[in-house]
Amino acid sequence: MEAASMAEEKTGSFKPGLQAGASIAIGYFPIALTFGLLSKTTGLTLIETVLMSLIVYAGASQYMGLSLIAAGTSPFVIILTTFVVNIRHFLMTAALSQKVEEQSKWKRGLFAFGITDETFSVLATRNGKIPIGYGFGVTFIAYASWVVSSGIGYMIGANLPQFLQASMTVALYAMFIGLLVPSLKKSVKVLFLAALSAVFNSIFTGYGVMEEGWSIIVSTLLSAVLVEIAETYKRKKRVEEK
């Protein structure tokens, strides 16, 4: 196993990384395609759509960003909301930093930018140290697929009849549900978190307590804190019973 790993490093680990990330790239294609299509119906230009995928590169957050843009939310609130939703990336990159071979800070920073839930899963389950070339291979092909597919989706959307473009805004909510359901199946905790966030958000926006963007941020943070307090209480109670 060690000999194979050494041979891989000698012959270059970027190509094996591309091969390992190919399935992620294929999976990103329809999701990014839909994002590009919805960007057109939201009113973004092709350049803005591609730049959003190039710079933000966060699937669920980009979809959420579209809904906030459509609602006329301020840029600051959109950025802050995206930051809150993607806080988990700090934990994922911190965990991978222990597995990646030593490299210069700028290379490790560039590598960290390409980490998503899917690329993290591939890299975290790899045995031994991760050659930086391998990591770049996995993240590059996924990143390229997302950006290119976003642009293709936009161009497809631009050629759709106007009534179909307008109806595609409904797909935005369907996509959110599609992203959420797999997590709900795996964890009851996520179900409570989603339900509680929805209740808080409905109250805040329904009674005009705050604008939509701030409502999402506050609802998410408040729900996370309450769910975590409940989980801590449960664990403490189980320990006491033992």
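## The second largest pocket

A pocket is here an open set of grid points, with protein on both sides within 12 Å along at least five of seven lines, and a volume is the space filled by probe spheres set on such points. In this predicted model, the second largest pocket has a volume of about 350 Å³.

Its lining is made up of 14 residues, and those that lie nearest the centre of the pocket are V56, Y57, N86, H89 and F113. Two or more lining residues come from each of the elements α5 (75-85), α6 (88-97) and α7 (105-113). By class, the lining of this pocket holds 10 nonpolar and four polar residues, with no charged residue among them.

## Aromatic pairs

The count of aromatic pairs comes to 10. In one of them, the rings of F14 and F140 have their centres 6.2 Å apart and their planes at 45°, so the pair is tilted. This pair links distant parts of the chain, since F14 belongs to helix α2 (residues 14-42) and F140 to helix α9 (residues 132-158), 126 residues apart. F14 is partly exposed, at a relative accessible area of 37%, and F140 is also partly exposed, at 48%.

F83 and F90 form an edge-to-face pair, with 6.1 Å from centre to centre and 70° between the planes. Here F83 is partly exposed, with a relative accessible area of 45%, whereas F90, with 53%, is exposed.

## A ring cluster and a charge over a ring

Y28, F35, Y63 and W146 are linked into a cluster by ring pairs. Elsewhere, R126 lies over the face of Y134, at 4.3 Å from the ring centre.

Technical notes. Residues are numbered from 1 along each chain as its sequence is written. This is a predicted model: local features need pLDDT of at least 70, side-chain atom pairs count only at pLDDT 80 or more; totals for chains, interfaces and linings use all residues. Side-chain values use heavy atoms; hydrogens and water are left out. On a 1 Å grid over the protein atoms alone, a cavity is a set of points where a 1.4 Å probe fits but cannot get out, and a pocket is an open set with protein on both sides within 12 Å along at least five of seven lines; lining residues have an atom within 4 Å of a point. Helices (H or I, at least four residues) and strands (E, at least two) are DSSP runs, numbered from the N terminus. Ala, Val, Leu, Ile, Met, Phe, Trp, Tyr, Cys and Pro count as nonpolar, Asp, Glu, Lys and Arg as charged, and the others, Gly among them, as polar. Rings of Phe, Tyr and Trp (its six-membered ring) pair if their centres lie within 6.5 Å; planes under 30 degrees apart count as stacked, over 60 as edge-to-face and the rest as tilted. Buried means under 20% relative accessible area, exposed over 50%, partly exposed in between (1.4 Å probe, protein chains only). A charge sits over a ring if NZ of Lys or CZ of Arg is within 6 Å of the ring centre and within 35 degrees of the ring normal.
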